[in-house]
Amino acid sequence: MPSWLAGGPGTTLLGIAAAGAAGMLGSGFQADGPASTAQALGVLAAIIAVHEFGHFSAARLQGIHVTQFAIGFGPPLIAFKRGEVEYSLRAIPLGGYVAFPDDDPKSSYAPDDPNLLQNRSVVQRAIVISAGVIANVLFALAILFAQVNIVGKAQSSYLPGVLVPEINAGGVAERAGFMPGDVILRVGDFIVPANPSQVPDVVSTIKAHPNDPLTFQVQRGQEQLQLTATPAAGKDGSGAIGVSLFSHSYIKHTMPQGVGDAVTMTGAEFNRLAGTVLNGLKQILTNFNSMAGQISGPVAIVAAGSEIARTDAAGLYQFCAIVNINLAVVNTLPLPALDGGYLLLLLLEAARGKKLPEGLEQGVMTSGLLLMMVLGVSLAIRDTMNLL
């Protein structure tokens, strides 16, 4: 029952969502470098463990034999055995697995042992396979419930204007007198609104005036200034002044008024994050060529999580929740080596009314596992190079 954090569209969404959270949320954890990376790694390890514990507990509660419970792949870093189960933490953090003795030629169990997974009914096996996804969904809900009760629901509140955090040396804005920290309140006749569209609205206004002098009303500390800049025409003919822009916003934490309100807020947050994941999956499936480059592996996920850990307490909760949702969504896809692939084979078996040909399931899943491993390692290498 492998669980994957690499190679699926859910991880693409994680990169987008994490970047958004890091940009929006205010300071909370105050963690730096190694501390924030450790937090992100801890979150990933916990999420994988929850997924695998779902499979594990569903099997054990039904009396099904289990031989291994592993977090990660490859050589074990830590391993111990309790009863018939070996528990291990392994070197390659691409996922985890729960192993059953069914296909182990060295197994001491008879092939017709009723407590082997393969000898259980389709429904019982489906429960074991789907339990990982269910565990991640429940964990995401628990995390969001904890968030709204401990730090509140984090929402961006917008102020008029857009922030200017950086200015290109020698560019139009620098020559016009702009400075980092300025807040642009007006561009020509356009008054910058206090809403989420403020940055794209200002960018569009500047782009629409190449080689056309514009008057900018700027807030600098307690002082308001009038600066004039002429956007330079780029290769595409649109105007630019050589600044980076950021929304003029702050984070408002809203605490629930009682348990009922906390449940409602938790549901709203879960629906929002799930919608983000599913929308990204839709984009991947309908526009794969342009979105393929945004698929991220564990390295990029940890990098995003580290940034959020330095940014806000609510952000880290949401990072944990969205990775859970990602993992649940990815594992429901009907692909070899994923839980959805196993469920698809079970549906085929149920439709036939008898087991699939011997070796078919193992062959499909083994080939899928190898493909996922290659893809996961490739993504890890690419993401590492991008961070250098």
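Q: Which residues do ring pairs link into a cluster?
A: In this predicted model, the cluster joined by ring pairs consists of Phe 53, Phe 56, Phe 69, Phe 80 and Tyr 87.

Q: How many aromatic pairs are there?
A: The count comes to 6 aromatic pairs. One of them is formed by Phe 53 and Phe 56, a tilted pair with 6.3 Å centre to centre and 35 degrees between the planes.

Q: Where do Phe 53 and Phe 56 sit?
A: Both belong to helix H2 (residues 33-61), where a spacing of 3 residues separates them by about one helical turn. In general, residues three or four places apart point the same way, because an α-helix has 3.6 residues a turn.

Q: Is Phe 56 buried or exposed?
A: Phe 56 counts as buried, at 9% relative accessibility. Phe 53 is partly exposed, with a relative accessible area of 48%.

Q: And what geometry does the pair of Phe 80 and Tyr 87 have?
A: That pair is stacked, with 5.3 Å centre to centre and 20 degrees between the planes. Phe 80 itself is partly exposed, its relative accessible area being 42%.

Q: Which residues make the nonpolar surface patch?
A: Phe 80 contributes to it together with Leu 77, Ile 78 and Leu 89, and the patch covers about 400 Å². Strand S2 (residues 68-82) gives the most, with 3 residues. Ile 78 lies in strand S2 and is exposed, with a relative accessible area of 52%.

Q: Changing topic, how many salt bridges does the structure hold?
A: It holds 5 salt bridges. Among them, Glu 84 and Arg 60 meet through their side chains at 2.8 Å, N to O. This pair links distant parts of the chain, 24 residues apart: Glu 84 is in the loop between S2 and strand S3 (85-99), and Arg 60 is in helix H2.

Q: What about Arg 125 and Glu 349?
A: Their closest N and O atoms are 2.5 Å apart, in a salt bridge. Arg 125 lies in helix H3 (residues 122-150) and Glu 349 in helix H10 (residues 339-352), so the pair ties together parts 224 residues apart in sequence. Both residues are buried.

Q: Which residues of helix H5 are buried?
A: In H5 (residues 198-207), the buried residues are Gln 198, Val 199, Val 202, Thr 205 and Ile 206. They lie on the same side of H5, because they cover an arc of only 130 degrees around the axis.

Q: What covers them?
A: The cover of the buried H5 residues includes strand S4 (153-167), strand S5 (182-187) and strand S11 (243-254).

Terms used
Residues are numbered from 1 along each chain as its sequence is written. This is a predicted model: local features need pLDDT of at least 70, side-chain atom pairs count only at pLDDT 80 or more; totals for chains, interfaces and linings use all residues. Side-chain values use heavy atoms; hydrogens and water are left out. Patches are made of residues with over 30% relative accessible area and no salt bridge: like charges are joined within 9 Å, nonpolar side chains (Val, Leu, Ile, Met, Phe, Trp, Tyr) within 5 Å. Accessible areas come from the Shrake-Rupley method with a 1.4 Å probe; for residues, only the protein chains shown count as cover. A salt bridge is a side-chain nitrogen of Lys or Arg within 4 Å of a carboxyl oxygen of Asp or Glu. Helices (H or I, at least four residues) and strands (E, at least two) are DSSP runs, numbered from the N terminus. Buried means under 20% relative accessible area, exposed over 50%, partly exposed in between (1.4 Å probe, protein chains only). The arc is that of the directions from the helix axis to the C-beta atoms. Contact means heavy atoms within 4.5 Å. Rings of Phe, Tyr and Trp (its six-membered ring) pair if their centres lie within 6.5 Å; planes under 30 degrees apart count as stacked, over 60 as edge-to-face and the rest as tilted.
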